[in-house]
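Please have a look at this model before reading my comments. Keep the sequence beside it as you go.

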Amino acid sequence: MWLVADHGIQTIGGITAVRGAGAPLDELRYIYKHCESKNVAVLQGPKLLRALYQDAITKNENDAPLGFTNKLYGHVETIVLLHKEKCTKEDLKKMEEEMGIRI
């Protein structure tokens, strides 16, 4: 699935920074902070999304829902998930409302 997403992103002129879902959360935030993403991040699935959200709350990163922000465009507003990981549409909708982002 990632290969398709990666090629799609590159086809429309985007650049990917490939890191596994097991990468340290601070490293993922560092990548987003230093990229020129316009408010979009592609993540493996809800499990990683939830981990980023909980970690941002723990670290009091209230300026951005996931602690994902960059100087050019501000904080991430849209998350593209590659897998639903057995989450229903209702589960994802609840996550959207709780986190203040679009999935």
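My notes follow as numbered points.

1. **Ground rules.** The model is predicted, so to speak of a local feature a pLDDT of at least 70 is needed, side-chain atom pairs count only at pLDDT 80 or more, and totals for chains, interfaces and linings use all residues. Residues are numbered from 1 along each chain as its sequence is written, and side-chain values use heavy atoms, with hydrogens and water left out.

2. **The largest pocket.** Its volume is about 790 Å³. The lining has 26 residues, and W2, T16, A17, A41 and V42 are the closest to the centre. A pocket here is an open set of points on a 1 Å grid over the protein atoms alone, where a 1.4 Å probe fits, with protein on both sides within 12 Å along at least five of seven lines; lining residues have an atom within 4 Å of a point. The volume is the space filled by probe spheres set on the points, which are joined across faces, edges and corners.

3. **Who lines the pocket.** α1 (2-11), α2 (25-33) and β1 (40-43) each supply at least two lining residues. β1 gives the most, with 4 residues. Helices (H or I, at least four residues) and strands (E, at least two) are DSSP runs, numbered from the N terminus. By class, the lining has 19 nonpolar, 5 polar and 2 charged residues. Ala, Val, Leu, Ile, Met, Phe, Trp, Tyr, Cys and Pro count as nonpolar; Asp, Glu, Lys and Arg as charged; the others, Gly among them, as polar.

4. **The largest nonpolar core.** It has 20 residues, and L49, L66, F68 and I79 have the most contacts inside it. α2, β1, α3 (46-58), β4 (78-81) and α4 (89-99) each supply at least two of its residues. α3 gives the most, with 4 residues. Such a core is a set of buried Ala, Val, Leu, Ile, Met, Phe, Trp, Tyr and Cys residues joined through side-chain atoms within 4.5 Å. Buried means under 20% relative accessible area, exposed over 50%, and partly exposed in between (1.4 Å probe, protein chains only).

5. **L66.** What does L66 touch? Leaving out residues up to four places away in sequence, L66 touches R29, L49, L52, Y53, A56, V76, I79 and M99. Contact means heavy atoms within 4.5 Å.

6. **Helix α2.** L25, L28, R29 and Y32 are its buried residues. They lie on the same side of α2, because they cover an arc of only 100° around the axis. The arc is that of the directions from the helix axis to the C-beta atoms. Their cover includes β1, α3, β2 (69-70) and β3 (74-75).

7. **D55.** This residue is found in helix α3. Is D55 buried or exposed? D55 is buried, with a relative accessible area of 17%. Neighbours within four places aside, D55 is in contact with L25, D26 and R29.

8. **Helix α4.** The buried residues are L92, M95, E96 and M99. Their arc is only 100° around the axis, so they sit on the same side of α4. They pack against α3 and β4. On the other side of α4, E90, K94 and E97 are exposed. G100 follows α4, and its phi is positive, near 70°.

9. **H83.** Look for H83 in the loop between β4 and α4. H83 is partly exposed, with a relative accessible area of 38%. H83 and P46 are 37 residues apart in sequence and 7.6 Å apart in space, C-alpha to C-alpha. Not counting residues up to four places away in sequence, H83 touches M1, Q44, G45 and P46.
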